[in-house]
Amino acid sequence: MATFTVQQNLQLLGKYRYAEIQAMELMGSWAYTMVQPDIKIAFGRHMYQDAVHADLIGKRIPELKGRSKQYQYIAPSDEYVKIVETIWKADDELRRMIGLYRVLKPAVIDALKQHLTRVELPADEPTAYILRHIADEEEDHIAWAETVIPRLGSPEHREQAVAWEKELKQRLQEAGGVWAEGKPPGTYAFTKTHPYSKLPVRDERWNVIPPDAEFVEKNWSFDTNEGKLHLLHDLLNSEFITVERMGRILADCPDIPWQMKVDMAHQAWDEARHAEIVQRRLEELGGHVGMFPTSCFGWEQDVNRPDPLERLALSNMTFESESCKHLRDWIAKAKKTGDARSQQLVEFLLADEVNHVLYGVHWIDELTKDDPLRRKRVLAYPDQVLSGQHPVGVYFKETVNAVGDRQ
Ligand SMILES: [Fe+2]
Ligand SMILES: [Fe+2]
């Protein structure tokens with residue numbers, strides 16, 4: 001088989017990038033409705049890895065003289081897009097996992113592996129290097145999914161889902177997979193729109209109380225074991241919320257700048273790791289998930305805003321900025337009481353949280369620098385949500401001023 005020319009590369013790389021971005025958006029779109037916490041965590045990790053895959057490909061394309069934007073994002077075929085849409089619409093966890101990890105991702109790996117057999121070497125070693133890396137990570141994603149899929153759904157469900165899987169694979173094969181050779185690029189498009197969301201889904205262990213109920217978990221202090229359990233338990237839920245709300249930005253706002261998507265996906269990954277870290281520490285200290293009631297305060301006011309910058313103003317610049325203050329206090333108390341393990345872990349959490357606040361500051365600053373009205377509306381949003389509500393210890397005004405100082 002002949003090796004690929006520069007031009008042939010350009011016709012395929014944008015298709016791989018399209019497939020990676022679709023996978024990222026599917027996970028982002030689904031995360032808050034998935035019951036299984038380990039799926040939410042893996043989605044946080046995979047969203048970021050898929051963003052990196054798309055990013056690597058996106059940087060290789062202009063190196064091959066594909067400077068025009070059209071090379072960056074090529075829908076393989078209309079049928080391919082319709083298959084992604086069918087999978088996005090699946091409303092149970094089992095079908096979603098099957099659609100993404102047994103149909104879409106294996107098709108990407110097939111395409112990459114075939115591509116790798118036809119790379120002109122060493123001339124096109126940079127493409128080979130990227131594709132090999134992506135194929136390896138995608139194989140890890142699939143291997144993880146295969147540990148989860150067997151415990152989802154009832155036997156009857158599983159039987160139907162396997163028939164559905166076969167059907168989708170057949171459709172995708174007839175469509176020519178991700179290469180879609182001989183087919184025109186897709187022009188069909190769909191948006192991953194969500195209904196109004198009051199709360200994210202939690203498994204049966206959690207006791208989620210209404211957002212406007214009296215919720216004072218943050219009044220506890222990190223210098224006693226009981227205080228740590230309350231605070232870590234509350235934080236664990238916040239970490240899940242943030243994976244979920246980052247996913248929603250990726251799915252809801254496909255038109256934001258690419259680097260902003262990479263940042264949001266990075267944050268989803270950070271929060272997924274935080275959830276793992278916090279749950280482990282909670283359990284080491286004798287606690288467990290669901291031991292206290294939980295509140296999802298701010299969720300409804302975040303994910304239902306059409307302007308993603310309002311979401312960042314409320315959650316990144318206000319709640320996460322507040323969270324940094326709490327974490328600094330925890331570190332001091334852990335140190336004072338000789339809890340070196342908590343101290344070490346919380347120091348890592350804090351390092352990430354500071355970046356999350358900066359994502360908010362940076363993107364609001366960047367995207368509103370020529371739009372003072374939007375900036376004003378965005379920065380006023382937290383005030384609007386919080387006036388009349390007094391969640392424990394939110395000092396949003398200070399945060400807003402911090403951005404004002406940067407101008
Ligand atoms: Fe976090
Ligand atoms: Fe965060």
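Is Lys65 buried or exposed, and how many C-beta neighbours does Lys65 have inside 10 Å? In this predicted model, Lys65 has 11 C-beta neighbours inside 10 Å and therefore counts as exposed. The residue lies in the loop between α2 and α3 (78–89), and its phi is near 70 degrees, a positive value in a residue other than glycine.

**Overall architecture**

The secondary structure of the chain consists of 13 helices and 2 strands. The radius of gyration is 22 Å, which agrees with the value near 22 Å that a compact globule of 407 residues would have. The C-alpha trace spans about 70 × 55 × 40 Å along its principal axes. Of the 407 residues, 44% are buried. Among contacts in the chain with a separation of 6 or more, 81% are between residues 24 or more positions apart.

**Helix packing**

| Helix pair | Crossing angle | Axis distance |
|---|---|---|
| α2 (residues 37–63) and α8 (residues 258–284) | about 150 degrees | 7 Å |
| α1 (residues 6–30) and α4 (residues 93–116) | roughly 160 degrees | within 11 Å |

Helices α2 and α8 pack at an angle of about 150 degrees. Angles over 145 degrees count as roughly antiparallel, so α2 is roughly antiparallel to α8. The crossing of α2 with α8 is left-handed. The residues of α2 that take part include Ile41, Gly44, Met47, Tyr48 and Ala51, and those of α8 include Trp258, Val262, Ala265, His266 and Trp269. By class, this contact comprises 11 nonpolar, 3 polar and 5 charged residues.

The axes of α1 and α4 cross at roughly 160 degrees, and α1 is accordingly roughly antiparallel to α4. This crossing is left-handed. On the α1 side the contact is formed by Leu12, Tyr16, Ala19, Ala23, Leu26 and Trp30, which meet residues of α4 including Leu100, Leu104, Val108, Ala111 and Leu112. The contact of α1 with α4 has 11 nonpolar, 1 polar and 2 charged residues. Arg96 and Lys105 are among the α4 residues in this contact, as is His115.

Leu309 lies in helix α10, which covers residues 308–336. Leu309 counts as buried because 27 C-beta neighbours lie inside 10 Å. Leaving aside residues up to four places away in sequence, Leu309 touches Trp363, Ile364, Leu367, Thr368 and Val378. Leu309 and Asp365 are 56 residues apart in sequence, with a C-alpha to C-alpha distance of 9.6 Å.

**Backbone features in loops**

Most residues other than glycine have a negative phi, and most peptide bonds are trans. Besides Lys65, with its phi near 70 degrees, a positive phi occurs at Ala180, where the value is near 50 degrees. Ala180 is placed in the loop between α6 (155–174) and β1 (207–209). With 22 other C-beta atoms within 10 Å, Ala180 is buried, whereas Lys65 counts as exposed with 11 such neighbours.

The peptide bond joining Leu121 and Pro122 is cis, with omega about 0 degrees. Pro122 belongs to the loop between α4 and α5 (125–148).

Terms used: Residues are numbered from 1 along each chain as its sequence is written. Chains are lettered from A and ligands numbered from 1 in the order in which they are written. This is a predicted model: local features need pLDDT of at least 70, side-chain atom pairs count only at pLDDT 80 or more; totals for chains, interfaces and linings use all residues. Helices (H or I, at least four residues) and strands (E, at least two) are DSSP runs, numbered from the N terminus. The radius of gyration is taken over C-alpha atoms; the globule rule is 2.2 Å times the number of residues to the power 0.38. A residue is buried if 20 or more other C-beta atoms lie within 10 Å of its own, exposed if 12 or fewer, and partly exposed in between; C-beta atoms are placed from the backbone. Two residues are in contact if their C-beta atoms, placed from the backbone, lie within 7 Å. Axes are lines fitted to C-alpha atoms, for helices over the stretch in contact, and angles run from 0 to 180 degrees between N-to-C directions. Angles under 35 degrees count as roughly parallel, over 145 as roughly antiparallel, 65 to 115 as roughly perpendicular and the rest as oblique. A crossing is left-handed if the near helix is turned anticlockwise from the far one by less than a right angle, and right-handed if clockwise. Ala, Val, Leu, Ile, Met, Phe, Trp, Tyr, Cys and Pro count as nonpolar, Asp, Glu, Lys and Arg as charged, and the others, Gly among them, as polar.
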